[in-house]
Amino acid sequence: LLLLVLCCPTPLTAAVSLWIAYGQAVTGPKQVTVEQGSSLVVSCSYKPRYKLNSKYWCRKNSLRFCLTYIQTNGSEVTVTRDRVSIRDNHTAHAFTVTLSSVTPGDAGRYSCGVRRKLGINRWHSTKVM
């Protein structure tokens with residue numbers, strides 16, 4: 001397997017994503033720790049063929065369903081909803097999710113993903129602590 005390291009599409013992004021050729025369609029950190037009151041920044045990378053697809057951030061509940069918090073429409077325009085924003089960078093093949101003013105209630109399992117028109121969506125799970 002060929003491993004390439006893609007780092008930080010913006011200075012605010014602290015995550016480094018591993019890109020595994022012929023591997024997962026979406027990659028990101030497995031676990032992130034954030035202090036209460038600060039901002040959580042997660043960067044997820046995707047394969048180039050998904051550049052124009054909608055990207056999303058969802059929270060998994062106890063039934064293993066993922067409730068979408070926010071999503072793009074496939075463009076690079078920043079979308080903001082309450083304390084969460086998402087921005088896609090087509091050149092870097094990565095999108096960044098920011099959750100501001102983190103509380104203990106924000107801890108849990110999340111997924112960053114790519115919506116597909118046909119077939120199963122592609123995603124990566126991240127544990128927020």
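1. Strand β6 (residues 55-60) and β7 run antiparallel and are joined by five bridges. Cysteine 58 has threonine 68 of β7 as its bridge partner. Strands here are DSSP runs of E, at least two residues, numbered from the N terminus. Two strands count as paired if DSSP finds at least two bridges between them.

2. This is a predicted model: local features need pLDDT of at least 70, side-chain atom pairs count only at pLDDT 80 or more, and totals for chains, interfaces and linings use all residues. Residues are numbered from 1 along each chain as its sequence is written, and side-chain values use heavy atoms, with hydrogens and water left out.

3. β6 and β7 belong to an open sheet of five strands, ordered β4-β12-β11-β6-β7. The pairing is mixed. β4 (31-32) and β7 (66-71) are the edge strands; each has a single partner, so one side of each lacks a neighbour in the sheet.

4. Strand β5 (residues 40-46) has six of its seven residues buried, so the rest of the structure largely encloses it. Buried means under 20% relative accessible area, with a 1.4 Å probe and protein chains only.

5. β5 pairs antiparallel with β10 over six bridges. Leucine 40 stands opposite leucine 99 in β10. β5 also pairs antiparallel with strand β3 (residues 26-27), over two bridges. There, threonine 27 faces serine 45 of β5.

6. Threonine 91 sits in the loop between β9 (84-89) and β10 (94-99). Its relative accessibility is 71%, so threonine 91 counts as exposed; the cut-off is over 50%, with partly exposed lying between buried and exposed. Lysine 51 is 40 residues from threonine 91 in sequence, and their C-alpha atoms are 8.5 Å apart.

Technical notes: Helices (H or I, at least four residues) and strands (E, at least two) are DSSP runs, numbered from the N terminus.
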